[in-house]
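Visitor: I have a structure to go through. Can we start with the aromatic rings?
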Amino acid sequence: MKSMNNNILVLILAVGVFGILNTEMGVVGIVPDVSAAYGVSVAEASLLVSGFALVVAIAAPIMPLLFSKVNRKTVMLLTLGIFTVCNGAAAFSPNFETMLALRVIPAAFHPLYTSLALAMASQMGTPEQAAKASARVFVGVSAGMVLGAPVSSALASALSLFASMMFFALVTLVVLVATMFLVPSLPVEHPLTYGEQLSILKKPLLWSSFVSVMVLNGAMFGFYGFLADYLESGLGLAAAATSAMLLGYGAANIVGNVAAGRLLAKMPVRTSVVIPVVLLVAFAALFYAGGLQIAACAMLCLIGILAGIANNVNQWLVSTAAPEAPDFANGLYLTAANLGVTIFTPFLGVFISNGGSIASDLGVMGLLVIAFGLILIRRAVSHTRNARRSRNVMGNTCPR
């Protein structure tokens with residue numbers, strides 16, 4: 001594809017993953033509204049978030065594998081169509097059970113579109129161009145994850161819960177139409193057999209990458225899950241200031257994605273090793289800032305940038321461990337990321353229960369130390385693999 005067409009495709013993919021992630025995380029901002037509208041508890045209403053995430057974690061390695069031989073435009077249209085219909089129908093749900101069911105169906109297709117978008121971006125042009133394309137797609141991922149909640153909450157407050165739910169449908173509808181008319185047919189040129197794709201599960205490098213992503217992503221998004229409470233009860237910010245800070249954190253996250261494209265294009269290995277260390281220092285500074293609101297907010301903006309870089313590093317760790325099966329590898333990345341959030345959010349909750357919101361910093365710092373160690377192990381595994389390949393090449397080329 002020509003450069004201009006690649007740029008258009010990356011833009012469509014970025015807005016598409018924004019719509020997909022907005023559907024998942026945007027509901028965080030309207031859980032209280034759903035609770036009031038359908039007469040269920042807040043805990044029950046939160047199933048719209050946790051249930052969605054659980055389905056994503058289960059479907060992530062399966063759906064990309066099953067659809068790996070299907071024309072990519074067809075996959076994009078199918079996924080966007082399902083999201084548009086289910087989001088639109090959810091706005092008219094007569095009861096909570098119907099709304100929950102209409103969340104489960106698109107959740108199964110979430111990893112299909114997201115892994116496809118990341119795989120397509122990672123195969124565009126040179127390694128440097130691919131890194132930048134992946135970073136642009138991740139802008140959509142981050143925007144959906146960190147901006148969806150405040151936007152949906154604002155719509156529900158200013159207009160209605162119906163308007164907020166229809167916003168989810170409108171975004172995916174716009175991308176669906178753009179995909180239909182602007183994206184050409186994208187047949188899979190060299191389809192892999194299911195056996196060839198499943199064979200990557202034998203690679204130690206993939207599993208060391210998988211565990212590294214679980215811990216690093218669990219630290220980042222586990223902390224983000226408690227960020228609103230951190231700002232209100234920990235730093236004592238008013239509701240308006242908390243909303244502004246959440247938006248600021250989201251904007252900083254997007255800046256981090258843009259920076260990650262350049263860093264991973266020029267020095268990917270060094271960036272992957274350094275990022276947990278820099279995050280560790282930033283969270284230590286945040287902890288010692290204590291109740292100093294201005295200093296803490298400044299550190300949170302810096303952490304937002306670093307978290308954006310870390311998101312890209314996570315995807316790079318898994319995708320480069322198995323480049324021969326990009327769709328399946330990116331599905332495994334999504335499983336690792338969601339499992340990390342599922343496992344380590346309660347872990348951070350223990351720190352909050354015992355020491356308040358500020359204490360979550362200590363839990364995050366512990367996870368970052370573990371993540372740093374795991375990434376070093378991953379690097380050693382990679383060196384061992386490369387050394388073995390070099391010996392095999394030399395052995396095959398030596399005269400007998």
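Guide: This is a predicted model. In it, ring pairs join Phe344, Phe347 and Phe351 into a cluster.

Visitor: How are the rings of Phe344 and Phe347 placed, and what is the angle of their planes?

Guide: The ring centres of Phe344 and Phe347 are 6.3 Å apart and the planes are at 85°, so this pair is edge-to-face; the cut-off for that class is over 60 degrees.

Visitor: Where do Phe344 and Phe347 sit in the helix?

Guide: Both belong to helix α16 (residues 326-355), and because they are three residues apart, about one helical turn separates them. An α-helix has 3.6 residues a turn, so residues three or four places apart point the same way.

Visitor: Is Phe344 buried or exposed?

Guide: Phe344 is buried, at 16% relative accessible area. Phe347 is partly exposed, at 35%.

Visitor: How many aromatic pairs does the structure hold?

Guide: Eight. One of them is Phe167 with Phe168: the centres are 6.4 Å apart and the planes at 55°, so that pair is tilted. Phe167 is partly exposed at 21% relative accessibility, while Phe168 is buried at 1%.

Visitor: Change of topic. Which residues form the nonpolar patch on the surface?

Guide: Ile8, Leu170, Leu173, Val174, Val177, Met180, Phe181 and Leu182, with about 750 Å² of accessible area together. Helix α9 (residues 161-182) gives the most, with seven residues.

Visitor: And what span does α9 reach?

Guide: Its 22 residues reach 32 Å from first C-alpha to last, close to the 32 Å expected. Its buried residues include Leu161, Phe168 and Leu176, whereas Leu173 is partly exposed at 38% relative accessibility.

How values were computed: Residues are numbered from 1 along each chain as its sequence is written. This is a predicted model: local features need pLDDT of at least 70, side-chain atom pairs count only at pLDDT 80 or more; totals for chains, interfaces and linings use all residues. Side-chain values use heavy atoms; hydrogens and water are left out. Patches are made of residues with over 30% relative accessible area and no salt bridge: like charges are joined within 9 Å, nonpolar side chains (Val, Leu, Ile, Met, Phe, Trp, Tyr) within 5 Å. Accessible areas come from the Shrake-Rupley method with a 1.4 Å probe; for residues, only the protein chains shown count as cover. A salt bridge is a side-chain nitrogen of Lys or Arg within 4 Å of a carboxyl oxygen of Asp or Glu. Helices (H or I, at least four residues) and strands (E, at least two) are DSSP runs, numbered from the N terminus. Buried means under 20% relative accessible area, exposed over 50%, partly exposed in between (1.4 Å probe, protein chains only). The expected span of a helix is 1.5 Å times one less than its number of residues. Rings of Phe, Tyr and Trp (its six-membered ring) pair if their centres lie within 6.5 Å; planes under 30 degrees apart count as stacked, over 60 as edge-to-face and the rest as tilted.
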